[in-house]
Amino acid sequence: MKCCQIAKNVSRMTDSGHDGPQGFGGGNPGGGGYYSYSSSGFDGFGDFGDVGDIFSSIFGGSGFGGRTSRQRTGPRKGKDLKYNMEITFEDSYLGIKRDISIHREEACGTCNGTKAKPGTKVDTCSSCQGTGTIRQTVSTILGHMQTTRSCGTCGGEGKVIAEKCGVCRGKGRVRKEVKISVSIPPGIDDNQTVVLRNEGEVGEKGGTRGDLYIVVSVKKHKVFSRKNDNVVCDIPITFTQATLGAELKIPMVNGENETYKISEATQTGTRFVIKNKGFSSVNGNWKGDFIFTVVVQTPKKLTPEQRELIAKLAQTMNEQPPVKKKGIFG
């Protein structure tokens with residue numbers, strides 16, 4: 001797996017549905033505030049950008065060096081993709097490796113991404129000399145100013161294609177189904193995300209690939225639950241085990257049994273801890289604990305012999321325990 005890492009707080013990520021991967025657009029998930037890419041040191045200075053927009057609308061260019069044009073003509077990172085994966089509680093505890101299929105845009109194998117029909121020429125645009133932009137000097141009341149606009153001849157591409165590739169129709173990319181092996185690490189929690197770098201859609205003009213975001217959801221378990229990195233569960237015991245003490249076989253998440261001895265006179269609701277038998281921490285080198293609470297079960301059906309024995313026991317005991325009164329401070 002390529003450059004896999006865990007990202008938290010994914011609830012803020014924009015969810016595009018559960019039908020496989022979805023494009024976030026331009027390398028930015030957008031809208032959810034999960035993360036962002038900054039294309040300029042002036043991001044956030046709205047007033048300065050407004051001035052640039054004014055000059056752009058007046059002079060037909062982008063003003064102040066042509067930031068927008070350079071964004072269009074330079075390398076562009078491919079789109080990020082999102083994939084929703086559901087796993088079992090045991091998978092989240094042990095980790096799992098799974099193959100998934102996604103659809104993403106790849107470089108056209110016929111034209112190798114050039115967008116031109118094989119055997120035909122791709123000429124450098126003579127109007128912009130391959131830069132994709134046209135610079136011009138304009139006289140204003142503020143003096144001479146240089147503006148930049150997208151080249152109208154090549155559409156800002158810097159190249160002129162006489163005959164477009166018939167397979168990709170001049171896009172340079174085709175949509176394909178690909179299989180990817182994903183390793184989900186032990187300890188992954190519900191709604192966490194595994195990030196696979198460079199497994200998104202292909203970039204443009206030498207730009208890097210986008211990333212693939214695997215959003216994990218963990219199914220609820222009938223016996224176990226999770227609290228932080230701890231495994232939590234209830235273990236039923238009989239009233240004789242609670243009274244006399246016993247060695248219990250505790251079922252663990254990995255399918256094994258752990259022997260644990262409880263002392264006599266154990267009360268229902270008592271909690272016990274088995275150290276380092278919880279979840280592995282995905283961001284550290286420790287493990288949580290296995291915490292179980294004993295629940296004393298009262299038998300619903302007794303044989304005549306059992307009833308007689310309990311009746312004899314009752315005669316030797318105070319069947320009405322005293323009510324403990326709490327003081328002002330408990």
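Let me start at the surface. Phe239, Leu302 and Ile310 make up a nonpolar patch there, with about 200 Å² of accessible area together. A patch takes residues with over 30% relative accessible area and no salt bridge; like charges are joined within 9 Å, nonpolar side chains (Val, Leu, Ile, Met, Phe, Trp, Tyr) within 5 Å. Accessible areas come from the Shrake-Rupley method with a 1.4 Å probe, and for residues only the protein chains shown count as cover.

Two sentences on the source. This is a predicted model, where local features need pLDDT of at least 70 and side-chain atom pairs count only at pLDDT 80 or more, while totals for chains, interfaces and linings use all residues. Residues are numbered from 1 along each chain as its sequence is written, and side-chain values use heavy atoms, with hydrogens and water left out.

Phenylalanine 239 belongs to helix H4, residues 239-244. Helices (H or I, at least four residues) and strands (E, at least two) are DSSP runs, numbered from the N terminus. Phenylalanine 239 is partly exposed, at 32% relative accessible area. The cut-offs: buried is under 20%, exposed is over 50%, partly exposed is in between, with a 1.4 Å probe and protein chains only.

Next, a sheet. Four strands form an open sheet in the order S12-S13-S17-S16, and the pairing is mixed. Which strands stand at the edges? Strand S12 (225-227) and strand S16 (271-274) do; each has a single partner strand, so one side of each is left without a neighbour in the sheet. From one strand to the next, the twist averages 35°. Axes here are lines fitted to C-alpha atoms, for helices over the stretch in contact, and angles run from 0 to 180 degrees between N-to-C directions.

Strands pair if DSSP finds at least two bridges between them. S12 and strand S13 (residues 230-238) run antiparallel, joined by three bridges. One detail: arginine 226 has valine 231 in S13 as its bridge partner. Asparagine 228 sits in the loop between S12 and S13. Its phi is near 55°, a positive value in a residue other than glycine. Asparagine 228 is exposed, at 62% relative accessibility.

Asparagine 112 is another such case: phi is positive, about 55°, and the residue is not a glycine. Asparagine 112 lies in the loop between S4 and strand S5 (122-124). With a relative accessible area of 63%, asparagine 112 is exposed.

Now the aromatics. The whole structure holds seven aromatic pairs. Rings of Phe, Tyr and Trp (its six-membered ring) pair if their centres lie within 6.5 Å; planes under 30 degrees apart are stacked, over 60 edge-to-face, the rest tilted. Phenylalanine 89 and phenylalanine 279 pair edge-to-face, 5.4 Å centre to centre, with 75° between the planes. The pair links distant parts of the chain, 190 residues apart: phenylalanine 89 is in helix H3 (residues 89-94), phenylalanine 279 in the loop between S16 and strand S17 (290-297). Buried or exposed? Phenylalanine 279 is buried, at 0% relative accessibility. Phenylalanine 89 is buried too, at 6%.

Tyrosine 93 also pairs edge-to-face with phenylalanine 279, at 5.3 Å centre to centre and 70° between the planes. Those two residues are 186 apart, with tyrosine 93 in helix H3. Tyrosine 93 is buried, at 10%. Phe89, Tyr93, Phe224, Phe279 and Phe290 form one aromatic cluster.

Last, charges. A search of the whole structure gives 17 salt bridges. The criterion is a side-chain nitrogen of Lys or Arg within 4 Å of a carboxyl oxygen of Asp or Glu. Lysine 77 bridges to aspartate 211, the closest N and O atoms being 3.7 Å apart. Lysine 77 is in the loop between helix H2 (67-73) and strand S3 (81-87), and aspartate 211 in the loop between strand S10 (193-196) and strand S11 (212-218), so the pair ties together parts 134 residues apart in sequence. Lysine 77 is partly exposed at 23%, whereas aspartate 211 is buried at 3%.

Glutamate 199 meets arginine 104 in a salt bridge, 2.9 Å from N to O. Glutamate 199 lies in the loop between S10 and S11 and arginine 104 in strand S4 (residues 96-107), so this pair ties together parts 95 residues apart in sequence. Glutamate 199 is buried at 10%, and arginine 104 is buried at 9%.
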